[in-house]
Number of protein chains: 2
Amino acid sequence: MSPELTKEFLQDIRARIAADDALWLKEQVLHLHHADIAEILDNLTNDEAKYVYFLTENEDLQADILMELDEEVRDRFIASLSSKEIADQLENLDSDDAADILGELSKDQIQQVIAQMEDDNAAEDIVDLLNYDDNTAGGLMQKEFFQAHLEWSVRRTIMELRKQAEDVEKVYNIFVVNEVEQLVGVLSLKRLIFADTRTTIEELYQSKNIIKVTTSDPAEEVARIMEKYDLVSIPVVDYQNKLVGRITLDDVVDYIKEEADKDFKMATGINENSDPSTSIFKSSLSRLPWLIIAMIGGTIGAKVISSFEGGLSQLPALAFFIPLITAMGGNVGVQSSAIVVQAIAKGDIAFKSILPRIGKEALVGLMNGVVLSALIFGIAVVFSNVQLATVVSLSLLTVIVFASTFGTIFPLILHRYRIDPALAIGPFVTTLNDVIGLFIYFSIGMLLFQL
Amino acid sequence: MSPELTKEFLQDIRARIAADDALWLKEQVLHLHHADIAEILDNLTNDEAKYVYFLTENEDLQADILMELDEEVRDRFIASLSSKEIADQLENLDSDDAADILGELSKDQIQQVIAQMEDDNAAEDIVDLLNYDDNTAGGLMQKEFFQAHLEWSVRRTIMELRKQAEDVEKVYNIFVVNEVEQLVGVLSLKRLIFADTRTTIEELYQSKNIIKVTTSDPAEEVARIMEKYDLVSIPVVDYQNKLVGRITLDDVVDYIKEEADKDFKMATGINENSDPSTSIFKSSLSRLPWLIIAMIGGTIGAKVISSFEGGLSQLPALAFFIPLITAMGGNVGVQSSAIVVQAIAKGDIAFKSILPRIGKEALVGLMNGVVLSALIFGIAVVFSNVQLATVVSLSLLTVIVFASTFGTIFPLILHRYRIDPALAIGPFVTTLNDVIGLFIYFSIGMLLFQL
């Protein structure tokens, strides 16, 4: 289908750019799918990319390529253009994409670019979109959509749509509005095609169970609604129920992925993209906060152990099982937190009651605890003696039950206070479990050995 | 928009079911959006759900509800139906959904249900789909799609589409085939509407850069292609390039989410759904494997420490920093692995070379290591003495550099041997880092204290 982007092909391209071989590039590169062209540009220097980009005079192709570029590559590319050039590029884009790009610039630059735009309507749409918060329906929506009035006939609708057609790249549904531009229903393109041309929209459209969002609805909610109702596009209305935009699934897919990604990043303590172009300094900086939390935890752990120094010097073997206790507490806690985070993400938590869940997790912990402490008892007996084995297995049971209960409650508390519950999976819970686990372990040890 | 599913509303519904109040249920429940009805049924007993489900005689609504049910709820529901009832339900579904449901049954049951189906064409489609592996394009595709022949006029195409319209629920694109049913291009519905009715498809359709998949392509690949090229539907061809099906984005969105979810689950060591209906026994069982790995690691760690027992009894304070060393090694390793797993998921790795990445991670590790070991030196000096502080900070530096390098290499190795690299983020890397970290720590301690 599309040529594999090999190192050799890329080297060829760079050589042809250096040789100013526009003909070859037009034939071999610009005939590819825009997503493939973008992938190639992602792997060139900015000057090379610019050269290839401006080889095509097809504005639609330019727009498609631009929106497929890696975000960092695109930002770099835009930054290297003049205000006039940026303005020209923006006029080819959908309003939501144009607003996203503009949103990355400084206030001064935004004003300059807007002033250079020739299409006043497009400029106005973009300026309007800039008002919305990125993480709301308003921030995701585009101003290009098909709308039809209730009283229009199918013939008139098709004629009107033809006029709007140039602006609206992808058509899934037609939104139906009344005389004051309020959303009253939707109509599928399929239904429109198969209808008699004299029928009116009022006879055809669907007004029941219209799924829509308001500009201020959070993007997360939009993603959830589009997923729940399996929608490819959703109308956006203002507080007066006036139709102001639409959001398409492809914009939300990115959001859904970002959300899933965010949990993964939070759980693994990374806050960066895997992009190889990120500098070492930036990578290092983004990971340090988590590591410092873990280090503070480790220091508190050291404090806990040192308070049992007397016992430890009498029975150094107590130290053998420190890593086991902390590792188990950490893993059990992470598992419980992860389950809760998933439940919250799926929206299960709001409806179901919380106490049974905590009870259930404690029971799961108890069950795993019994199995694992029986196992460790066997191992530790061989390893040392019955008394130490008893201490280890008893502490392990306590630590596991505690960690699973705590790992369940902690993300629920974060969620209640509107903090991202995935935060619980990172070093926080692990570290807290470490400290408390150590305390439990040494306390039981002191008690049983009467140190 | 849709009524919030409150506890009170659910209680009302159950009471009306108990009272056999079909009228109320029809008015209050069956008029909702099918996704909302499904959500209600998810929260009822199977008998209650069946009662509500069969209250509607609208077969399309039944099909929509059925496909929106939670998977476990749906399996339970289907299991409680007779072969004849299942056959009736399947005839209302899209072929891919019907095949998915049938795939959950035993071979005997499948034969019985197929035998009871009245629509032979539908039955044939479903039987054909059952041949494909779930995780391939063939397993995802449906047999319902619009196709047009090159030589058809727009008028004829619209007529033919009208015939096919009943079967095809959602229309995005029309696939264009030649006289031997081979895929030669696509045509958007929008283009069709706006064309003169006498134009032929050959004059209208797009034949350049057709994005398609073959039945045997892995589902992961399909998801990646649809995302890369921003497609809402993609044609599926067989080895002779004959058009055999289509895959729509909504089926793939689930796949994209499952994939992202899989990494999260792997990283946090869970292998279950957050569904509260999962039994305690099942939850416990699914988490044990990770915990046992962690426990084996802990036992090896104990073995490592015990081999330094002599030194430890002379200097019990060495034990203080055991949790710090293991926690830091674990966190650093997880961060590095997570970055690599993300890069692999995004497809960055195949193209970019591997050695620079390892070098970069080692440098990031070195940088973080220097910062953190300077910090811990300060803390440990206050805490104990210069000598111990030197041991701790030197070990920490070594452990961090090791863990970040190892955390990068390990998922790359897994990936090369076609094992899911996310496996590296779970207890495996943490545990290995623990063991090696302990060894480094005690070795340096012994050396510096000359124990």
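**Figure 1. Domains 1 and 2 of chain A in the predicted model.** Where domain 1 of chain A meets domain 2 of chain A, eight residues of domain 1 are in contact with eleven residues of domain 2. The domain 1 side of this contact comprises three nonpolar, four polar and one charged residues.

**Figure 2. Overall form of chain A.** Chain A contains 23 helices and six strands. Its radius of gyration is 30 Å, whereas the globule rule gives 22 Å for 451 residues, so chain A is more spread out than a compact globule. Along the principal axes, the C-alpha atoms of chain A occupy a box of roughly 90 × 60 × 45 Å. Buried residues make up 47% of the 451 residues of chain A. Among contacts in chain A with a separation of 6 or more, 71% involve residues 24 or more positions apart.

**Figure 3. Contact between chain A and chain B.** Each partner is represented in the contact, with 94 residues from chain A and 94 residues from chain B. On the side of chain A that touches chain B, the largest share is supplied by helix H17 (residues 280-306) of chain A, with 16 residues. By class, this side of chain A consists of 57 nonpolar, 19 polar and 18 charged residues.

**Figure 4. Surroundings of A:Val222 in the largest nonpolar core.** The largest nonpolar core has 202 residues, and the members that touch the most other members are A:Val222, A:Met328, B:Val222, B:Ala319 and B:Met328. Which residues are in contact with A:Val222, leaving aside its neighbours within four places in sequence? They are A:Ala137, A:Leu140, A:Val213, A:Asp217, A:Ile234, A:Ile247 and A:Val252.

**Figure 5. The open sheet E4-E5-E6 of chain A.** Three strands of chain A, in the order E4-E5-E6, form an open sheet with mixed pairing. Strand E4 (213-214) and strand E6 (243-248) of chain A are the edge strands; each has a single partner strand, so one side of each has no neighbour in the sheet. Strands of a sheet pair through backbone hydrogen bonds, in either the parallel or the antiparallel sense. E4(A) and E5(A) run parallel and are joined by two bridges, with A:Thr214 opposite A:Val237 in E5(A). Strand E5 (residues 233-237) of chain A pairs with E6(A) in the antiparallel sense over five bridges. In this pairing, A:Val236 has A:Gly245 of E6(A) as its bridge partner, and A:Val237 stands opposite A:Leu243 in E6(A).

Figure 6. Is E5(A) largely enclosed by the rest of the structure or left open? Five of the five residues of E5(A) are buried, so the strand is largely enclosed by the rest of the structure. In a regular strand, side chains alternate between the two faces of the sheet. Both faces of E5(A) are covered: A:Ser233, A:Pro235 and A:Val237 are buried on one side, and A:Ile234 and A:Val236 are buried on the other. E5(A) and E6(A) form a hairpin with five residues between them. Within the turn of this hairpin, A:Asn241 has a positive phi of about 65 degrees.

**Figure 7. The open sheet E4-E5-E6 of chain B.** In chain B, an open sheet of three strands has the order E4-E5-E6 and mixed pairing. Its edge strands are strand E4 (213-214) and strand E6 (243-248) of chain B, each pairing on one side only. Strand E5 (residues 233-237) of chain B is paired with E6(B) in the antiparallel sense over five bridges. One of the residues involved is B:Pro235, whose bridge partner in E6(B) is B:Arg246.

**Figure 8. Two loop residues of chain A with positive phi.** Most residues other than glycine have a negative phi. A:Asp20, which is not a glycine, has a positive phi of about 60 degrees. This residue lies in the loop between helix H1 (7-18) and helix H2 (22-28) of chain A. A:Asp20 counts as exposed because it has 9 C-beta neighbours inside 10 Å. A:Glu181, also not a glycine, has a positive phi of about 65 degrees. Its place is in the loop between strand E2 (173-177) and strand E3 (183-188) of chain A. With 15 other C-beta atoms within 10 Å, A:Glu181 is partly exposed.

Notes. Residues are numbered from 1 along each chain as its sequence is written. Chains are lettered from A and ligands numbered from 1 in the order in which they are written. This is a predicted model: local features need pLDDT of at least 70, side-chain atom pairs count only at pLDDT 80 or more; totals for chains, interfaces and linings use all residues. Two residues are in contact if their C-beta atoms, placed from the backbone, lie within 7 Å. Ala, Val, Leu, Ile, Met, Phe, Trp, Tyr, Cys and Pro count as nonpolar, Asp, Glu, Lys and Arg as charged, and the others, Gly among them, as polar. Helices (H or I, at least four residues) and strands (E, at least two) are DSSP runs, numbered from the N terminus. The radius of gyration is taken over C-alpha atoms; the globule rule is 2.2 Å times the number of residues to the power 0.38. A residue is buried if 20 or more other C-beta atoms lie within 10 Å of its own, exposed if 12 or fewer, and partly exposed in between; C-beta atoms are placed from the backbone. A nonpolar core is a set of buried Ala, Val, Leu, Ile, Met, Phe, Trp, Tyr and Cys residues joined through C-beta atoms within 7 Å. Two strands pair if DSSP finds at least two bridges between them.
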